[in-house]
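Take a look at the structure first, and then we can go through it together.

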Amino acid sequence: MTAHGRLSTSLPVVSGDKVSRPRAGESLVDPPAGEAVDRPPSGEPRVEVVDQHVVEFVSDSGEGAQSAGQMFGTVSAKMGNGVWTLEIIPAEIEPPPRTKASCSGNRVRIGKGPVTNMGETADVVVAFNEQVLYSRIDDGALRAGSLIFLDNKWAADPDPGIRESYARALEDFGSRGYLVQEVPMHEQCLRIVPDPRRGKNMWAVGLLCAVYQLDVDRVRFEIEAKFGRKGRKVVDANRALARAGYEWALENVGVRYRVPAEPVDETMVVMNGNQAMALGIMAAGIEVCSMYPITPATSVSHFLARSFAAAGGFVHQAEDEIAAIGFALGASYAGKTPVTLTSGPGLALKTEFIGLAVMAELPLVIVVVQRGGPSTGLPTRVEQGDLLAALHASPGDAPKIVMAPTSIGECFHFMITARQLAETFRTPVMVLSDANLATGQQPFERPEVRQEWLAPPVDQSRWQAAVEPYDWDPETGISQRPVPGQRDGQYVLTGLTHDSASRVAYDAATNQRTATLRSRKLATLRRSLKPPEVYGDPEGDLLVVCWGSTRGAVEEAIDGLRQDGENVSSLCLRFLSPLEPGLEEIFRRFRQVMTVELNYSDDPEDPHVDEGGRRYSQLAFLLRAATLVDVDCWSRVPGIPLSPSRIKEVLRQRLKGE
Amino acid sequence: MYGLKQDWIPEPQARQFVLEDYESGVPRWCSGCGDFAVLQSLRKLARDEQLLPEKTVVVSGIGCSSRLPHYVKTYGFHGLHGRPLPVASGIRARRPDLHVFVVTGDGDCCAIGTGHWIHAVHYNMKMTVMLLDNSIYGLTKKQTSPTTGKGYSSNTHPDGAMLSALNPLTVTLGITNASFVAQTVDWNPAHLYATLLEAHRHPGLAFVRIIQRCPHFTPDAHEHFQRDPSNVLLLTHPDGIPADDVVLRVFKNRDELDPTDRAAALEHAAREDVLPIGLFLRNPEAERYDLCSAVGLGMSAEKKLAAAQAAVDRFLI
């Protein structure tokens, strides 16, 4: 899983003459029914070939722009393009329509080669109303030159207030330099379905299929896959909608883009990170998933709820976060290494049981899909703010394994590794994903599930009575565990300090020794880890260290800077506990080392902040302590992923500042 | 051990268990503590039912009574305060071959673990839940518990508990899928044993509240009932807890209660003039979550592999 996307960051030029610009007053005129609004100039439109493009579908919550984006992304991926999607998720189920809060949708970045991040501003947007676009403007998603297909139904709305705000927005968009083409989405859909709120999304997919010359048959197939369960009528209506959008665009839209696909030899799959984790859980032979609903982790269990039983698994939806991990640990004690899923607030609740799992040495996989915090924070938005909380989950010294996937493929494969490590080291393993990976779709090489990935059956053979339940190997801290059902293996697991026979022991020597042995397991694991690979030259002016989902954007920024002749490299950590070895030596080969993260840190210039009191971002905090290298940081908590250009800008300043 | 049954090991001789086979360590409870009586009953039950020690798991939370697993030579899980029920449910979920016992206290079950109590009863997974209720926090030294009587002085309420005691029986009887609810006392070993035996044989979650005193902090809590057994109301029924002569000789004040009549059970459970003991509810037909959670158990590696591969292939490009 080390394929890196190299993308040109140059933006395509949209030929303005092919696109209608709103003229004052024009948008208020109700177009004659059934007639096209803007006829292209005669002749076939010119096809512009681009290396990559960013496309967005945005609508009011409930109008289906999210699934439109997913479908567009899936079809692009199936045509061989690199894809990364970013879901735009409102925090409420039914926010007031035509507001910023209602903005729901999907960003799809498609590329010639692999795509690892959400990219920059949008090239093309389909918007179901003008108000939701203001939410995207706030997030910096648009730029002068962004091409927007906007439903024109609001121009003729019976409510004069809506008509007016629509007209005002059109004028505002014009002054911002957006290229707006009004499209009769609502009216066109009304010919096919009674309620265009349920249908516009497929019409929009059809529209962009024509603009991007996607394979219409593949769209037909995806519609069948998506709506097949709902019956023939629904499938047919959605196909008719997509076709109508497609045909309307052929007639009335004057731009065409093509993102050529570079064929790959490997068989590929495309999915989002939560789906990949769910599949990884199945491929690891895990049989119990014990969870409590929490955004953005829950959809892992949604997938499992439909597919797990076929692989002999069971999803337990517990009464609360604490019970979810308690149930998991019960299953673990009884021999089945389970998985529990959560996000920040749930992690907080689970910490006491995590301490028990460490103390009593129970294998368990804990998936934490990070969102903005603290407290309820930003439930649907991304942050990497739980690293230290994961490392230090539980009071006292509670060493545990912490890993972080950096791509969708790793979301799959890490689950298999996590289960194996949990069992080998008889310990909880935390896997830190985040909201960006959770909902981001990306193709990766289809994994061939292997029998050795599966958990072995529960050992029920007779235990050797002479072997104690914590027969620690003094070199590694590792021990085998008896499982209920194993004759002569009877022991009482306890969260109290205990000796190798699991007898409660309060004495100083036992407490010191057992704490040491638990920690030794991490030291042992670290010995078997390889030093991380540097992306770029092994020495230079600046090394950027990152972890998790920021990898793609960081590496794209590094590519850009290196093309500009800058001597920068990056390094991405996948094991955070124990830390991957050799870091100090790598860091010493660079004049500056800094982290780029999606969590909070003080800026040195902030009022009252001095060097001794400055709060560093979480990985930087960790690396400074571990290596004694003066690792700097730049981090932000915008709730959205970092873009390569933003990172580039920061790094360039850092390089100049020296 | 692929493809072999869990009980594949041939048994050269039939194993016969005696009480000592279930004994482990020296209990560190105070003299006069009712926990000893429960421990004795549990060991006796294991012996009489010839439970395989390796197939028996005793799960507890934190508190004086939660030390009990350490004194039984079976598998045991002495976990967190208030959380034995989720752990026991997780053990039960995929191991229908195990006998699961839960030891919990009035603080453990009715205060910090209340949420789990409600839901575990609703899940109705087969296990025996023993609530060792001495109406006080003992291990942390005399704090008011939810079942402490109004006015009783403790270190947290020196002027007396401000509210009336919470009634664990009426709570449990009100939960959907409650399938076995009984009450007994630590000072009558025969009734205690008979109740636990019925509980263990029940196909579902059996909830048994055991009324105890704490020799240090609530020594006189049940004087009233102990000195004059007519203040105890023995619930009888052909389908209730079988009462032998010893029990019948002590408890003369009796009432017949049909354990399928939940309304009558609630009425009896709420009585404060007498202490009702016996079986309040028995419904072997109630829904059981452990029958749902065991689905797919023992699936072959080949089938698992094929299912995982098929799921991956749904995302093929």
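This is a predicted model: local features need pLDDT of at least 70, side-chain atom pairs count only at pLDDT 80 or more; totals for chains, interfaces and linings use all residues.

Is the crossing of α2(A) and α3(A) left-handed or right-handed? The crossing of α2(A) and α3(A) is left-handed, where left-handed says that the near helix is turned anticlockwise from the far one by less than a right angle, and right-handed that it is turned clockwise.

Residues are numbered from 1 along each chain as its sequence is written, chains are lettered from A and ligands numbered from 1 in the order in which they are written, and side-chain values use heavy atoms, leaving out hydrogens and water.

**Helix pairs**

Two packed helices are described by the angle between their axes and the distance between the axes. Helices are DSSP runs (H or I, at least four residues), numbered from the N terminus. Axes are lines fitted to C-alpha atoms over the stretch in contact, and angles run from 0 to 180 degrees between N-to-C directions.

| Helix pair | Angle | Axis distance |
|---|---|---|
| α2(A), residues 131-138, and α3(A), residues 160-175 | about 35° | 10 Å |
| α8(A), residues 273-283, and α13(A), residues 408-425 | about 25° | 7 Å |
| α8(A) and α9(A), residues 299-307 | roughly 50° | within 8 Å |

Angles under 35 degrees count as roughly parallel, over 145 as roughly antiparallel, 65 to 115 as roughly perpendicular and the rest as oblique. That is why α8(A) and α13(A) are roughly parallel, and why α8(A) and α9(A) are oblique. The crossing of α8(A) with α13(A) is right-handed, and α8(A) also passes α9(A) in a right-handed crossing.

Contact means heavy atoms within 4.5 Å. Between α2(A) and α3(A), A:Gln131, A:Leu133, A:Tyr134 and A:Ile137 meet A:Ser165, A:Ala169, A:Asp172 and A:Phe173.

**Domains**

Chain A is assigned domain 1 (20-258), domain 2 (269-445), domain 3 (461-528) and domain 4 (534-657), with bounds from an automatic or database domain assignment. The centres of domain 1 and domain 2 of chain A, taken over C-alpha atoms, are 35 Å apart. Their contact takes 16 residues from domain 1 and 12 residues from domain 2.

About 1,200 Å² is buried between these two domains, with carbon and sulfur atoms giving 50%; buried area is the accessible area (1.4 Å probe) that two parts lose on being put together, summed over both. A:Trp84, A:Thr85 and A:Ile89 supply 39% of the area that domain 1 buries against domain 2, more than any other three residues.

Notes: Helices (H or I, at least four residues) and strands (E, at least two) are DSSP runs, numbered from the N terminus.
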